[in-house]
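User: I would like to go through the aromatic rings in this structure. Could you show it to me, please?

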Amino acid sequence: MSTLYVNTKETAGHINPELQGHFSEHLGRCIYGGLYVGENSDIPNTNGMRNDVVNALKEMKVPVLRWPGGCFADEYHWKDGIGPKENRKKMVNTNWGGVVEDNSFGTHEYMELCRQLGCKTYINGNVGSGTVREMSEWIEYMTFDGVSPMADERKANGSEKPWRVDYFGVGNENWGCGGNMIPEYYANLFRQYQSYIKIYDPEKPICKIACGANDFDYNWTEKVFEGCAKGSGSWPQNHLFMNGISLHYYTLPGDWDIKGSATDFDEKDWYRTLRKTYCMDELLTKHSAIMDRYDKECKIGLMVDEWGTWYDVEEGTNPGFLYQQNTMRDALVAGINLNIFNKHCNRVKMANIAQLVNVLQAPILTEGDRMVLTPTYHVFRMYNVHQGAELRASTMDTKKVGLEEENMVQNMNESASLSEDGTVNITLTNLDLNEANELKIVLEGMTDVKAEAEIVTGGMRECNTFDEPDRITAKSFTGLTVSGNVITLTVPARSVMRISVKE
């Protein structure tokens, strides 16, 4: 039997709601057909946004939504996406399928979507092919409440009052699709561009996010921080200009050329995928260590604004649309990562799974007027009890499982938090493909408790389809035995759980 100790009285950090953030790019059917169908569609919508998708996302509690990319961001010119739709410029989406982008979903539509979702805004600016002036004018257009050329144009386009921009990314993947830059060059560009992200309302600050590293590129993090720390003129040496820096890491069972199938995989692929998912903990630890040298007080957030599984596309679909199915394996990947983010919440302030609908590890898939909620969706909905909660210190003894020595993985991971109403919420994953795990939970600091639980579990390759949308859902779990401050249970194989405890 394994034992999990939770210190219910010791605060180990604050879990930003944004750790369960999302990402929507002009890629495949994420926006068009997934989130947005237009006001004249036969699919029920509100101001062009699909009602079924919006309602599902509100139940999942999307805290922040990143847009317009991704690689698309560094080819996106925001003025092409404002004004009457019939007058908006068309462009070729060179990164994703070579399709024509008609810009019918632009700044106003994005802000309307965030209004309907009740979430924070995270916009990526164009550094790769844009200009300082273009970025500066976009900020003015969105946030200035006064008389100016950009504010007047916004009003003429139907938005009298400005919006709030909570987060603004200065470029995306500038080491790759965003310009193939070296870190020293990007650091100088970041210093320049961020200077023109003006804060017009001191009560509505904009969190400025620098482009960070691709997975294990620790040199990028080092050089960007070094470039932003030195030669700061009259500013103190530790003034780094940024409020956050991004990190991207995708879980691939194979490699970039042959990633592997989303649904046709074996036990070796199962454990290889989950072992690679655990690399997130190593990445956060090592990138955070670099940041600690420049920012000892953890004022700068590490923003994992692209993460999730990446497989070969579904047969018969456009390779540039990155459409993939979503199985119980993806549910485990989601649960593992969300627990890891919680444990690193003192440094990690936001994370955005890629992507929201119909792309990569999507919580929602659509096909015409039909919608299906994936196993990943049900994990996010189950985990939303952690949003805004206080992390509780927890430790658990685990064992390694797997078929190959190089792909052995810890059989379980967890995190725990205390919500405002006094509930201790524990989330668990059992990665073992075949074996359940007996678990004793000791709640230090509590005496006589009551508990209820929820579980997502299913077969290794099982997924929800449009014909069978409820194969894998979150269900009540009744196999808890409570005695004083100790809970015992058997955690089923291939499962993600939430246990909620009160005195």
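**Aromatic rings and charges**

Analyst: The charged end of Arg329 sits over the ring of Phe265, 3.7 Å from its centre. A charge sits over a ring if NZ of Lys or CZ of Arg is within 6 Å of the ring centre and within 35 degrees of the ring normal. This is a predicted model, where local features need pLDDT of at least 70, side-chain atom pairs count only at pLDDT 80 or more, and totals for chains, interfaces and linings use all residues. Residues are numbered from 1 along each chain as its sequence is written, and side-chain values use heavy atoms, leaving out hydrogens and water.

User: Which ring does Arg66 lie over?

Analyst: Arg66 lies over the face of Phe23, 4.5 Å from the ring centre.

User: Now the ring pairs: how many aromatic pairs are there?

Analyst: There are 22 aromatic pairs. Rings of Phe, Tyr and Trp (its six-membered ring) pair if their centres lie within 6.5 Å; planes under 30 degrees apart count as stacked, over 60 as edge-to-face and the rest as tilted. Trp78 and Trp138 have ring centres 6.1 Å apart and planes at 0°, so this pair is stacked.

User: Are Trp78 and Trp138 buried or exposed?

Analyst: Trp78 counts as buried at 1% relative accessibility, and Trp138 is buried at 3%. Buried means under 20% relative accessible area, exposed over 50%, and partly exposed in between (1.4 Å probe, protein chains only).

User: What about Trp307 and Phe380?

Analyst: Their ring centres are 6.3 Å apart with planes at 20°, so the pair of Trp307 and Phe380 is stacked. Trp307 is buried, with a relative accessible area of 1%.
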